[in-house]
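Open the model in your viewer and keep the sequence panel beside it. We will go stop by stop, selecting as we go.

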Amino acid sequence: MLEQTRTKVRGLTVWLGETVNDWFGDRPFEDGGEVTHGRLGLRLLWRQDEGWDSSVRLRARFDLPNLRDKAYIFLGRQNERELVTDQPETFTREQQLLEERRKEDQSGFIGLGYALRRNIDLRAGVRGGYKVYAQARLRKQWALSVQDRIEFRETVFWTVKDHFGSTTSFNYEHAFTPALALHWQNAATITKETDGFAWSSSLGLFRQFGDQRVLSGEIVATGETGMRDKLSEYGVRVKWQQPVYRDWLIGELIAGHFWPKGDEEPEREQRWAVGANLEMRF
């Protein structure tokens, strides 16, 4: 059943790639076209005082021969705010074990991207049926030594509602051994709606056990610089990831304990949260 499901999903996306490719010229899709970064994910979440929640995510990239070598089509379904602001995966609501309202938070999207250089690309798309957005993205990596690496990513985006905004992320990785590493990850987003800028940070250890099996433990924190309480939530989370079937069906279990605080709440609360994610790569 899993093999058949993946084959059908893959076949549907290839058919879509062939169809869209024909809109732009006569070169057939088989002449260098491919579907990459295909992901279909199912998430189940329980968070104390909020109960159960579930969501589905989809994304894929289409390299089309008739768009030449640097342009591509992308589409999927995910959290609308994270899509526009280009949030790092570490700080998505899925990874932070936060509830998502399917109708309000998630939307379908489709867009056109162009790789201006190897580490710079421009993207424009439509999400939620008719809302337009555009992005310019820069990503750079530096190897400071055999054990140390840093990554910088800057995304400038535009929407009708927010006008211009930006997300800046900075990550540092130190490898103690080939299997054990320290990760320090940070992101800051500025929009018309944020009071100052919204920031997120995590510090954790990641231990690999081979065959895509990874155990991690992190301290995480989020906040906004212009709020009365600049630290809106902090906590700890533990995550285990491993293949469930072959190397393309990946399971993930996340457990966390958090201390959130809103502007109207006099004291911080304590909340447990548990999440299970299943991702099919095609």
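The tour below walks through a predicted model.

**Stop 1: a threonine in a helix**

Select residues 80-85, which make up helix H2. Thr85 belongs to this helix. Is Thr85 buried or exposed? Its relative accessible area is 3%, so Thr85 counts as buried. Now show its side chain. A polar atom there lies 2.8 Å from the backbone oxygen of Arg81. The side chain of Thr85 also makes a polar contact of 3.5 Å with the side chain of Gln87. Next, select Phe157, Thr167 and Thr189. Thr85 touches these three, leaving aside residues up to four places away in sequence.

**Stop 2**

Move to residues 120-127, strand S5. Which side chains of S5 point to the buried face? They are Asp121, Arg123, Gly125 and Arg127.

One of the links pairs Ala115 with Asp121 in S5. Two residues sit between the strands of this hairpin.

On to strand S6, residues 131-143. S6 pairs with S5 in the antiparallel sense, over eight bridges. Here Arg123 has Gln135 of S6 as its bridge partner. S5 and S6 form a hairpin with three residues between them. Click on Gly128 in that turn: its phi is positive, about 65°.

**Stop 3: aromatic rings**

How many aromatic pairs does the structure hold? There are six. Select Tyr72 and Phe74: their ring centres are 6.3 Å apart and their planes are at 50°, so the pair is tilted. Tyr72 is buried at 1% relative accessible area. Phe74 is buried as well, at 4%.

Now jump to Phe209 and Trp240, a tilted pair with 5.8 Å centre to centre and 55° between the planes. Phe209 is in the loop between strands S10 and S11, and Trp240 is in strand S12, so the pair ties together parts 31 residues apart in sequence. Phe209 is partly exposed at 45%, and Trp240 is partly exposed at 26%.

**Stop 4: charges over rings**

Show Arg61. Its charged end sits over the ring of Tyr72, 3.7 Å from the ring centre. The charged end of Arg123 sits over the ring of Phe74, 4.0 Å from its centre.

Methods:
Residues numbered from 1 in each chain as written. Predicted model: local features only at pLDDT ≥ 70, side-chain atom pairs only at ≥ 80, totals over all residues. Heavy atoms only, no water. Helix = DSSP H or I, 4+ residues; strand = E, 2+ residues; numbered from the N terminus. Buried < 20%, exposed > 50% of the residue type's maximum accessible area, 1.4 Å probe, protein only. Polar contact = N/O pair within 3.5 Å; in protein donor to acceptor, adjacent residues only side chain to side chain. Contact = heavy atoms within 4.5 Å. Pairing = 2+ DSSP bridges. Phe/Tyr/Trp six-rings, centres within 6.5 Å; stacked < 30°, edge-to-face > 60°. Lys NZ or Arg CZ within 6 Å of the ring centre and 35° of its normal.
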